Amino acid sequence: MVISPHSLRRLSYALIALMILSAMVLIWTAVQHQESTLAIRPMNQGASVPDGFSVWHHLDANGIRFKSITPQDDVLLIKFDSSAQSAAAKEVLDRSLPRGYIVALQDDESQTALWLTRLRDTSHRFG
């Protein structure tokens with residue numbers, strides 16, 4: 001059985017297209033999976049940050065999973081696997097924490113922003 005050069009060329013183009021599509025799907029899933037961080041700050045200067053155990057209790061009672069709870073300076077940082085989890089946690093904490101605390105999404109530098117920063121680096125420009 002002899003394969004014509006035209007058929008062989010089509011097969012090689014199809015394999016290249018499949019490899020490119022697979023790479024794009026892998027990159028897309030890597031970009032979509034970004035962790036999210038909530039920050040809890042006291043409204044008044046000098047007030048204490050809420051206890052991490054009480055925050056854990058409120059989140060656990062509502063079935064919200066988190067990666068970590070870390071006190072840092074005058075802020076309590078809570079890391080989640082997804083932005084949906086952090087949005088649900090924000091709703092729960094807004095209801096359950098006493099007045100005087102700000103619960104807000106912490107601005108994490110995303111992977112996309114890191115790549116754009118690397119691409120825009122002036123040392124890589126020509127001309």
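This is a predicted model: local features need pLDDT of at least 70, side-chain atom pairs count only at pLDDT 80 or more; totals for chains, interfaces and linings use all residues.

Reader: Happy to. How many helices and strands does the chain have, and which pattern do they follow along the sequence?

Author: The secondary structure consists of four helices and four strands. Read along the sequence, they give the pattern α-β-α-β-β-α-β-α.

Reader: What share of the residues counts as buried?

Author: A residue counts as buried when its relative accessible area is under 20%. Here 17% of the 127 residues of the chain count as buried.

Reader: And what part of the contacts joins residues 24 or more positions apart?

Author: Among contacts in the chain with a separation of 6 or more, residues 24 or more positions apart account for 68%.

Reader: Let's move to helix packing. At what angle do the axes of H2 and H3 cross?

Author: For a helix pair, look at the axes, then the handedness, then the residues that meet. The axes of H2 (residues 52-61) and H3 (residues 83-96) come within 10 Å and cross at roughly 120°. An angle of 65 to 115 degrees would count as roughly perpendicular and one over 145 as roughly antiparallel, so H2 and H3 are oblique to each other. Their crossing is right-handed.

Reader: Which residues in H2 and H3 meet?

Author: From H2 come Val55, His58 and Leu59, and they meet Ala89, Val92, Leu93 and Ser96 in H3. Sorted by class, this contact has five nonpolar residues, two polar ones and no charged ones.

Reader: Now some single residues. Is leucine 38 buried or exposed?

Author: Take the location, then the accessibility, then the neighbours. Leucine 38 is found in strand E1, and it counts as buried because its relative accessibility is 1%. Valine 75 is 37 residues from leucine 38 in sequence, with 9.8 Å between their C-alpha atoms.

Reader: Which residue does the side chain of serine 36 join in a polar contact?

Author: Serine 36 also belongs to strand E1, which spans residues 36-42. With 6% relative accessibility, serine 36 counts as buried. Its side chain is joined to that of serine 86 by a polar contact of 2.9 Å.

Reader: How does serine 68 read, and what is it in contact with?

Author: Serine 68 is in strand E2 (residues 68-72), and its relative accessibility of 24% makes it partly exposed. Leaving aside neighbours within four places in sequence, serine 68 is in contact with Leu77, Ile78 and Lys79. Threonine 37 is 31 residues away from serine 68 in sequence and 9.5 Å away in space, C-alpha to C-alpha.

Reader: What about the loops? Where does proline 50 lie?

Author: Proline 50 lies in the loop between E1 and H2. Proline 50 is buried, as its relative accessible area is 10%. Beyond its neighbours within four places in sequence, proline 50 is in contact with Ile40, Val55, Leu76, Leu97 and Tyr101.

Definitions and conventions. Residues are numbered from 1 along each chain as its sequence is written. Side-chain values use heavy atoms; hydrogens and water are left out. Axes are lines fitted to C-alpha atoms, for helices over the stretch in contact, and angles run from 0 to 180 degrees between N-to-C directions. Helices (H or I, at least four residues) and strands (E, at least two) are DSSP runs, numbered from the N terminus. Angles under 35 degrees count as roughly parallel, over 145 as roughly antiparallel, 65 to 115 as roughly perpendicular and the rest as oblique. A crossing is left-handed if the near helix is turned anticlockwise from the far one by less than a right angle, and right-handed if clockwise. Contact means heavy atoms within 4.5 Å. Ala, Val, Leu, Ile, Met, Phe, Trp, Tyr, Cys and Pro count as nonpolar, Asp, Glu, Lys and Arg as charged, and the others, Gly among them, as polar. Buried means under 20% relative accessible area, exposed over 50%, partly exposed in between (1.4 Å probe, protein chains only). A polar contact is a pair of N or O atoms within 3.5 Å; within protein, one must be able to donate a hydrogen and the other to accept it, and residues adjacent in sequence count only if both atoms are side-chain atoms.
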